[in-house]
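Student: I have not seen this structure before. Please show it to me, and then we can go through some questions.

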Amino acid sequence: MNRLELQNIAVRHDGRTILDVDHISFERGKMYGIVGPSGAGKSTLLRVINLLEKPERGSLGFFGTQVELASLTHAKGLSIQRQMGYVAQKPSMFHASVFDNVALGLRYRKLDQSQIHALVHEALQYVELSHLANQRANTLSGGEAQRIALARTLVYEPALLLLDEPTASLDPANIKIFERVIQMINQKKKTTILMITHNLPQARRLAHVCLFLFHGRIVEYSETETFFTRPACHELQDFVSGRMIC
Ligand SMILES: Nc1ncnc2c1ncn2[C@@H]1O[C@H](COP(=O)(O)OP(=O)(O)OP(=O)(O)O)[C@@H](O)[C@H]1O
């Protein structure tokens, strides 16, 4: 019940194996760092979990709901997807106010106006951008837009938050706020968080557990301190010490 699990996953494109995962399990309420070289399959892993990419085979256990991914129906997929939030590296805002952008997920879920108002303002407070509620979202700076993208997912309290290099284009001040918010919701709401990052100090700062993807396989998975101080496989030893691997 309290786990997110993937089993027997295979993703192939053009005859090439992109992702090959026998089994992985994520505990509810923990924060996971996902690292690995470019092209290792990190985004594909998150896209499979987010039901944006259908693997050739495999199953997903979503906190008690079990689904065969290859034969997943739209309705069942949607009900699971609505319990997940996804923030990519580059936010895309709708041509509307900041308030309306953040409210969107709540309107889909048919909440009433007073609930929407309260929840949007709470989410804007989390990301310290309440003063921008009426601004057009397409006029935001990159850092502001990324914080609004985070508020837009937090507002409906997802059980799972998927972050794909969310701070890669941000300056240190915005990174600090972004990190503070995800740590706060991880602790306060027990949101499970999976974050891809190329910033190894960031993974070390935030994650309880880290995993290392290499050529589509999870080759290391351990508590963060062990991951960085006593990596078992030589590819991760090279990776964490900054040596080139391919
Ligand atoms: N739809 C597709 N068709 C063909 N190849 C694909 C497709 N999607 C992904 N790939 C390939 O799969 C591999 C893994 O891609 P993915 O985006 O998951 O890597 P990544 O680890 O997230 O990389 P990065 O750190 O550069 O973002 C890459 O070689 C990519 O070119």
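Tutor: The end C-alpha atoms of residues 4-240 lie 27 Å apart, and the span is 38% helix and 27% strand. Helices (H or I, at least four residues) and strands (E, at least two) are DSSP runs, numbered from the N terminus. This is a predicted model, in which local features need pLDDT of at least 70 and side-chain atom pairs count only at pLDDT 80 or more, while totals for chains, interfaces and linings use all residues. Residues are numbered from 1 along each chain as its sequence is written.

Student: What does UniProt list for residues 4-240?

Tutor: The record is an unreviewed entry. Its positions are given in the numbering used here, its feature names are shortened, and annotations may be inferred rather than shown by experiment.

Student: In which order do the four strands of the open sheet lie?

Tutor: Two strands pair if DSSP finds at least two bridges between them. Strand 1 (residues 3-13) and strand 4 (residues 57-62) run antiparallel, joined by five bridges, and Glu5 stands opposite Gly61 in strand 4. The pairing in the sheet is antiparallel, and the order is 2-1-4-5.

Student: Which strands are the edge strands?

Tutor: An edge strand here pairs on one side only. The two are strand 2 (16-27) and strand 5 (65-68).
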